[in-house]
Amino acid sequence: MTSIHTERRVSLSEIEALARDVLLARGVSFAQADAVARNVTAAEADECRSHGVYRLIGYVRAVVSGKADGRAVPSMTQVSPAIIRVDAGRGFAPLANEIARPALVAAAQSLGIAVLAINNCYHNSAMWVDLEPLADAGLVSIGMTAGQCTVAPHGGSKPVFGTNPFAFGWPRPDGAPFVFDFATSAAARGEIELHQRAGKSIPLGWAVDAEGRPTTDPAVGLAGAMLPFGGHKGTALALMIELLAGPMIGDLTSQESFAEDEGMGSPPLGGELIIAFDPVRFLGDDFAGHMARAETLFSSISGQDGVRLPGDRRLEARAQSVQNGVLVPARLLEELELLRAGGGGRG
Ligand code: NDP
C-alpha cells in the first residue's frame, strides 16, 4: 500500500487534465469543469496545495449530493454602472469569475472604481487567482469571501466565522503584480486537513477542542474550532468580511452556509466581493510618478535581509512548476484517478 508520505511528480498539463476529467466524470459541464481545472492547477503551480487538486474531492461530493449544480450557467447583471452582480446558480466560483471579469475591468476603467458581487457560488478557492488577472489589467483590487463557520471569535470556542480570506492586488510596472492573500484564521482549513491526511500534528494556536482547550491534533481541532489570526484584530477583520461578502451583497453568512450544507461536507456556498480601482483614473498624468513611489516602498521592504514580499514564494514556485511539474501525494493521485474512472466520490 502506498505510504501517506509518498509523492509523485506530475506536469501542470497532467494536473489540469486530471482535474477536468474528474469533474466531467460526474456530469459537470465542460465550461464549469474547465474553469475549476484551471483554478486548481494555478493553485498547484504556486504550491498552494490547500486549494489544489485535493479540493476536487469536496467538489465531487457537492455535485454528487446535489448541493452544487455542476451544469450551472452563471448569469450577470449590471446593477448600476459601478456594480456588477453574477448569480453563479450554485455552480463553482471560477467560471462566474471568468465570465464577470471583463465587465469588472471595463467598469473600473470607465468609472475609476467598480465592484463585483458573486452570489450563490461554491467555493471561492484561493483569492489571489481572482485578483492577479485584475492587476495584470492595471487595476488595484481587494477581494474577500466568507465560508462555513469553523472559526471561533477571539476568546470564544464556538465557530462563527469561516476562514474568511482577504486578498489585495497591486499592478507593478516592471514585472509580476504584488498580490497578498490570507485566511483570517490562523491557518487555512485545508492546511489542517492536509496535516491530518499526512498524519502530522498542527502548531499550537491554530485550533482548540470543543471545550476551547488548545490542541495540536488536527482531528480534534477540526471537530472543535479553528482560531482567528491576530486575536481580536483578526476577529474584527473576519467579521467585516462576513458582513461585506454576506448580508451586504445579499449572500449567506458562514453560519448560514454551514447550516445550508446539512452536514454533507461540501465546500462553502456563498458570496464573493471584489472591489477594483483604476489608478490611472485616480492619478491622471501623475500616474507614472506615483506608481514609481510605490516601487520605492516595495524596494525598501524587499531590500532588507531576511525579508520578502508576500507573493514572492508563489511566483518562485510557479517558475519551478512550469519547468518541473509539481509533487502530489501518491494517495491523493490514486483517489483522483479512481474518481476520474467514475468510481469513489461518496454523495
Ligand atoms: P499563508 O499564511 O500561507 O500566506 C498568507 C500571505 O502571506 C501570502 O500572500 C504569503 O505569500 C504571505 N507570506 C507568508 N509568509 C510570508 C513571509 N515570511 N514573508 C512575507 N510574506 C509571507 O496563507 P493562508 O494559509 O492564510 O491562505 C492560503 C490560501 O488559502 C489563500 O490563497 C486563501 O485565499 C485561501 N483560502 C481560501 C478560503 C476560501 O474559503 N475560499 C478560506 C481560507 C483560505 P506567499 O504565498 O508568497 O507565501
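The side chains of Arg318 and Glu132 meet in a salt bridge, with N and O 2.9 Å apart. A salt bridge here is a side-chain nitrogen of Lys or Arg within 4 Å of a carboxyl oxygen of Asp or Glu. Arg318 sits in helix H12 and Glu132 in helix H5 (residues 128–136), so this pair ties together parts that are 186 residues apart in sequence. Helices (H or I, at least four residues) and strands (E, at least two) are DSSP runs, numbered from the N terminus. Arg318 is partly exposed at 23% relative accessibility, whereas Glu132 is buried at 12%. Those words have cut-offs: buried means under 20% relative accessible area, exposed over 50%, and partly exposed in between (1.4 Å probe, protein chains only).

Before going on, a word about the model. It is a predicted one, in which local features need pLDDT of at least 70 and side-chain atom pairs count only at pLDDT 80 or more, while totals for chains, interfaces and linings use all residues. Residues are numbered from 1 along each chain as its sequence is written, and side-chain values use heavy atoms, leaving out hydrogens and water.

Let's stay with the charged pairs. Side chains of opposite charge can pair when their charged atoms come close. How many salt bridges are there by this rule? The count is 19. One of them joins Arg49 and Glu7, at 3.1 Å from N to O. This pair links distant parts of the chain, with Arg49 in the loop between H2 and helix H3 (56–64) and Glu7 in strand E1 (residues 7–10), 42 residues apart. Arg49 is partly exposed at 31% relative accessibility, and Glu7 is partly exposed at 36%.

Another salt bridge connects Arg20 with Asp34, whose closest N and O atoms are 2.8 Å apart. Here helix H1 (residues 12–24) holds Arg20 and helix H2 holds Asp34, and the two residues are 14 apart in the chain. Are they buried or exposed? Arg20 and Asp34 are both buried.

Helix H2 (residues 30–45) also carries Gln32. Gln32 is buried, with a relative accessible area of 0%. Leaving aside neighbours within four places in sequence, Gln32 is in contact with Gly70, Ala72, Pro74, Gly91, Phe92 and Leu95. Contact means heavy atoms within 4.5 Å.

Now step back to the whole chain. It has 13 helices and 11 strands. Its radius of gyration is 20 Å, close to the 20 Å that the globule rule gives for 347 residues, so the chain is as compact as a globular protein of that length. The radius of gyration is taken over C-alpha atoms, and the globule rule is 2.2 Å times the number of residues to the power 0.38. Along its principal axes, the C-alpha trace spans about 65 × 45 × 40 Å. Of the 347 residues, 50% count as buried. Among contacts between residues at least 6 apart in sequence, 69% join residues at least 24 apart.

Arg189 is in helix H6 (residues 189–197) and counts as partly exposed at 22% relative accessibility. Arg189 and Thr150 are 39 residues apart in sequence, yet 8.3 Å apart in space from C-alpha to C-alpha. Not counting residues up to four places away in sequence, Arg189 touches Thr150, Thr163, Leu222 and Met226.

What about the cysteines? A disulfide is a covalent bond between the sulfur atoms of two cysteines. With the rule that the two sulfur atoms lie within 2.5 Å, the count comes to zero disulfides. The sulfur of Cys48 is 19 Å from the closest cysteine sulfur, in Cys121, too far for a bond. For Cys149, the closest cysteine sulfur is also in Cys121, at 18 Å, again too far for a bond. Cys48 is buried at 14% relative accessible area, and Cys149 is buried at 12%.

Finally, visit the surface. Leu297, Ile301 and Val307 form a nonpolar patch there, with about 230 Å² of accessible area together. Patches are made of residues with over 30% relative accessible area and no salt bridge, where like charges are joined within 9 Å and nonpolar side chains (Val, Leu, Ile, Met, Phe, Trp, Tyr) within 5 Å. Accessible areas come from the Shrake-Rupley method with a 1.4 Å probe, and for residues only the protein chains shown count as cover. Val307 is found in the loop between helix H11 (287–302) and helix H12 (312–324), and is partly exposed at 33%.
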